[in-house]
Protein chains: 2
Amino acid sequence: MKHKTILENAIKAMRERTYYAQYPEAPSGKIYGETANEDAKKRFETLSQSNFTQLLQQGAAGTVGEESSPYGVPIKVQYPTFSVDTLIQNAQNAQKSWANTSYAQRADILIETLEQMKSLFFDIAYATMHTTGQAFMMSFQASGPHAADRALEAIAVGYEELSRYPVTTVRWDKPLGKVNAVLDKRFYVVPRGIGLVIGCSTFPVWNTVPGVYANLITGNPTIVKPHPKAILPIAIWIAKMQEVFKNAGIDPHIIQLAPDSTQNPITKLLAEHPAIKLIDFTGSSHFGNYIENLPNKITFTEKSGVNSVIIESFADVENALDNLAFSVSLYSGQMCTAPQNFFIPKNGVDTNIGHLSFDEVVQKFADKVKGLAQNPKMGAGVLGAIQSEDTYQRIQNTKNQGYKVILEPQPIQNPEFPNARTSSPLLIQVNATEYEKYAQELFGPIAFIIQTENVEQSVELAKKLVEDKGGLTLSVYTAKPDVKENILHSLLPVSIAIAFNLSGPTWVNQSAGFSDFHGTGGNKAGNAAYTTPEFIVKRFTVVGVREQA
Amino acid sequence: MKHKTILENAIKAMRERTYYAQYPEAPSGKIYGETANEDAKKRFETLSQSNFTQLLQQGAAGTVGEESSPYGVPIKVQYPTFSVDTLIQNAQNAQKSWANTSYAQRADILIETLEQMKSLFFDIAYATMHTTGQAFMMSFQASGPHAADRALEAIAVGYEELSRYPVTTVRWDKPLGKVNAVLDKRFYVVPRGIGLVIGCSTFPVWNTVPGVYANLITGNPTIVKPHPKAILPIAIWIAKMQEVFKNAGIDPHIIQLAPDSTQNPITKLLAEHPAIKLIDFTGSSHFGNYIENLPNKITFTEKSGVNSVIIESFADVENALDNLAFSVSLYSGQMCTAPQNFFIPKNGVDTNIGHLSFDEVVQKFADKVKGLAQNPKMGAGVLGAIQSEDTYQRIQNTKNQGYKVILEPQPIQNPEFPNARTSSPLLIQVNATEYEKYAQELFGPIAFIIQTENVEQSVELAKKLVEDKGGLTLSVYTAKPDVKENILHSLLPVSIAIAFNLSGPTWVNQSAGFSDFHGTGGNKAGNAAYTTPEFIVKRFTVVGVREQA
């Protein structure tokens with residue numbers, strides 16, 4: 001096995017859950033090649049104006065392409081389209097050559113796709129930037145090394161789960177007194193069928209590859225239906241996968257891209273096709289609920305949710321509020337893990353610099369958010385651009401709904417891309433009693449400061465939000481160990497990832513591969529978590545075959 | 001840990017999947033005590049005429065009891081009833097004391113329940129016999145040692161899955177160049193909530209305990225809703241569990257029995273209660289489909305299916321047909337794993353004693369089935385009694401539908417219980433084209449001999465049956481290695497357990513704990529398999545808690 005060490009390191013890392021990364025996150029010339037960035041940038045200039053012809057897929061029927069850069073750069077890529085029947089037929093034809101590989105071969109080939117992907121991390125970064133609006137650094141990290149690490153997670157958990165069952169014949173010899181009952185047994189892992197992975201517009205690679213690699217390691221051919229506005233990053237990724245498969249003697253149709261358009265969507269046609277057995281989905285709760293309720297499908301969803309911050313007291317108020325200001329600003333709040341609702345008691349909070357009133361905490365926080373957005377060295381690089389016009393309009397509409405506005409949204413200066421669609425966060429203050437106002441996901445740079453009676457009410461409301469709407473992260477600030485324990489045990493039953501007192505260079509929005517689970521699968525924000533055994537074992541069944549010895 | 005060796009042996013056995021049993025299946029005085037059988041028999045005579053008062057459950061509201069012995073012995077047990085609200089409240093109150101135990105403590109206490117259950121295996125056997133109609137030997141084995149082994153499986157897989165995550169705090173230390181990002185992380189297993197396990201009338205213990213122990217090892221309090229006609233065996237089991245829990249300082253309401261009556265069923269009220277998060281079900285496809293489609297529930301089902309036998313050729317025709325005759329007769333076909341449809345090519349089959357025509361094979365098979373039923377030493381002990389009047393009527397109705405009857409059903413002589421409700425198997429011959437006739441589960445001692453054009457058609461129809469109706473077992477007889485390989489690879493994709501050429505003292509109806517999976521979860525006969533990791537990991541989520549170090 002060529003990549004045995006990589007596989008073993010990944011398995012070990014997930015057992016220990018300490019820091020580990022297979023793919024370095026720094027977009028550094030020393031790691032990825034001194035000219036890697038410049039070369040990719042030039043390639044992107046050509047690529048973004050051309051037809052995408054790198055896919056090794058048979059049966060194209062037409063072309064689509066409607067991407068536009070939130071940075072205002074023209075994008076003119078056209079992608080081939082394929083009928084649902086062609087996609088299904090291609091997948092079924094390819095299935096056998098893949099099912100015949102051993103688990104070790106499968107893992108090896110899949111890791112090889114990641115190893116070769118390294119040479120395209122910068123290309124994928126530019127493609128991500130100019131479809132999602134992420135700043136360059138996040139584009140590189142999220143769609144490159146972080147995505148590859150999450151893919152490797154899926155391979156590693158998959159390999160472990162497949163390896164549970166004896167791969168050679170087992171003799172079963174049962175003593176019955178005078179005679180023995182003797183059988184020979186084999187165990188076959190049977191893939192569920194064809195997998196469909198439905199991508200989103202904001203993280204077209206990071207949220208797509210876990211399902212793709214989980215399907216493939218367990219033997220299921222896969223069709224990726226990207227968001228019509230964010231095809232290029234995952235198209236580059238899949239084209240490289242297909243090349244690696246072909247070179248390994250595997251039918252490249254084991255993974256296919258299924259581009260469509262807003263006008264002629266094929267997602268439901270694919271999802272409802274009886275040959276599709278597995279569906280991974282990232283996107284809205286509305287569509288996610290439709291996916292989860294399709295009969296005879298096994299689904300893995302990440303839907304919308306509302307993430308809260310409970311502030312009780314601060315051990316390090318400056319660093320904590322810096323951390324929170326960064327969290328609401330990062331990619332302009334367009335992360336499913338970004339905090340939206342800040343619960344602060346009306347009597348203010350104790351801090352390391354003395355008691356601060358409610359208004360003082362809010363003002364300090366607003367100043368930091370504003371300062372970051374206006375910082376010429378950091379603003380554009382942290383906030384990036386607004387992916388869709390809908391999100392941009394949501395900010396304006398919310399601002400004009402008569403809320404008490406703490407901080408007005410402002411454009412972000414971006415000298416490199418003066419036409420970028422940008423906005424600093426809108427901060428709004430409401431009362432705890434106005435539950436229906438803040439108990440909804442307002443995707444984008446919009447945050448609610450919620451004045452509560454006391455911390456008990458904050459916890460109660462944050463908990464209720466998880467139960468009612470789901471969530472991916474819950475951040476808590478308290479300098480008091482007993483309060484921390486109480487809050488922890490109050491929140492655990494609703495199954496949401498919890499972070500206490502983040503005040504350094506780690507933000508609640510981030511989940512680290514091999515250590516943090518992304519999602520829990522236990523609340524309304526989705527039924528899946530990267531990467532638990534559950535994310536893997538639902539994708540196959542085990543068939544025992546007995547034979548008279 | 002008191003029962004560490006038992007736990008480790010079970011984990012090892014499941015990895016190897018060779019023969020293993022923790023609880024000896026022989027109802028032998030040497031193993032279980034010389035007077036165990038006689039003592040239990042006497043206790044049963046009292047128990048079967050009394051109110052069942054052994055449960056340690058608070059809040060009884062009335063009594064029910066409508067069991068009747070298929071052997072014609074009067075049963076007069078009355079059980080306490082509990083309102084749905086009382087059951088839920090009891091479970092919620094008990095949850096905390098259980099969640100606070102370590103995984104090792106939990107496993108220890110649960111294994112202790114099995115160890116102590118040994119002293120009641122004979123009591124449970126008589127209770128099983130006089131509710132289900134199983135013969136004594138099966139009653140003892142299925143509801144005693146085999147059930148305990150399946151329970152131990154669930155504990156073992158559960159313990160393994162829980163032990164994946166670090167139980168102490170892990171330091172995550174990420175180098176960022178000049179500084180490090182340092183967090184402390186803990187991982188909490190969060191149970192899903194309250195589990196409901198819905199029992200069936202034919203295997204009230206064996207089909208109930210896997211879900212019960214899977215729920216409990218993963219921290220979920222559990223309510224068992226037994227079939228109104230088969231309460232006593234699982235009532236004895238649960239009362240013993242409650243006693244063990246109480247002695248260990250655990251609130252015994254962590255496991256509760258919820259008896260009801262045919263007139264006032266509470267199953268749907270329980271299943272639809274929002275606090276019930278997990279449902280294990282064994283029973284009809286109709287009710288099972290209702291359970292699977294309940295919103296916001298995680299379900300584990302074993303529904304009905306149709307099991308086939310494909311006969312191509314025999315390497316050992318006498319022993320093979322003896323084996324099949326035993327299979328259709330065992331507990332009068334009232335096993336979800338019993339074969340119903342026998343596909344035999346019209347041109348007959350090659351055997352070790354020369355070619356036999358279709359009619360010769362059928363006649364030989366019918367003779368063996370008849371011989372077994374009429375064998376005074378074996379008949380009653382193999383066939384037992386018919387559990388319900390419905391099943392008995394089904395035999396008569398099917399016989400009178402104008403089919404070609406190969407073997408008429410006859411009463412079985414049972415000198416010990418002259419009033420037993422018994423029937424030998426009804427064998428019917430149909431043509432392959434009459435799909436709608438045999439493509440339905442006719443629960444009980446009813447089998448179809450299906451004349452096919454050739455073995456290819458047999459395989460095609462058996463496969464279609466699995467796809468259309470589901471099934472738990474598929475038995476194949478062929479003396480030709482290449483035919484075997486072809487049939488195997490043709491059948492694998494539909495995900496059903498396959499047995500080749502069984503001709504010794506193992507029958508397709510049986511699945512051996514620690515080695516065979518019961519069900520695959522991959523066809524319409526149900527979505528669960530005893531005991532895959534999937535049967536366990538869906539019952540909890542993992543919550544990561546991060547903290548600034």
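A residue is here called buried if 20 or more other C-beta atoms lie within 10 Å of its own, exposed if 12 or fewer do, and partly exposed in between, the C-beta atoms being placed from the backbone. The structure is a predicted model, in which local features need pLDDT of at least 70 and side-chain atom pairs count only at pLDDT 80 or more, while totals for chains, interfaces and linings use all residues. Residues are numbered from 1 along each chain as its sequence is written, and chains are lettered from A, and ligands numbered from 1, in the order in which they are written.

Helices (H or I, at least four residues) and strands (E, at least two) are DSSP runs numbered from the N terminus. In helix α14 (residues 358-374) of chain A, the buried residues are A:Val361, A:Val362, A:Phe365, A:Val369, A:Leu372 and A:Ala373. Seen down the axis of α14(A), these buried residues fall within an arc of 100° and so line one face of the helix, the arc being that of the directions from the helix axis to the C-beta atoms. An α-helix has 3.6 residues a turn, so residues three or four places apart point the same way. The 17 residues of α14(A) should span 24 Å at 1.5 Å a residue, which agrees with the 24 Å between its end C-alpha atoms; the expected span is 1.5 Å times one less than the number of residues.

Chain B can be laid on chain A with an RMSD of 0.0 Å by a turn of 180° and a shift of 0.0 Å along the axis, which is the relation of a two-fold axis. The superposition is by least squares on the C-alpha atoms of residues with pLDDT of at least 70 in both copies. Of the residues of chain B, B:Glu534 comes closest to the rotation axis, with its C-alpha at 3.3 Å.

The contact between the chains takes 54 residues from chain A and 54 residues from chain B, where two residues are in contact if their C-beta atoms, placed from the backbone, lie within 7 Å. On the side of chain B that touches chain A, β17(B) gives the most, with 8 residues. Of the interface residues of chain B, 100% are also interface residues in chain A, so the copies meet through the same surface. Strand β16 (residues 497-500) of chain A and β17(B) run parallel and are joined by 3 bridges, two strands being paired if DSSP finds at least two bridges between them. Within β17(B), B:Arg546 is the bridge partner of A:Ala499.
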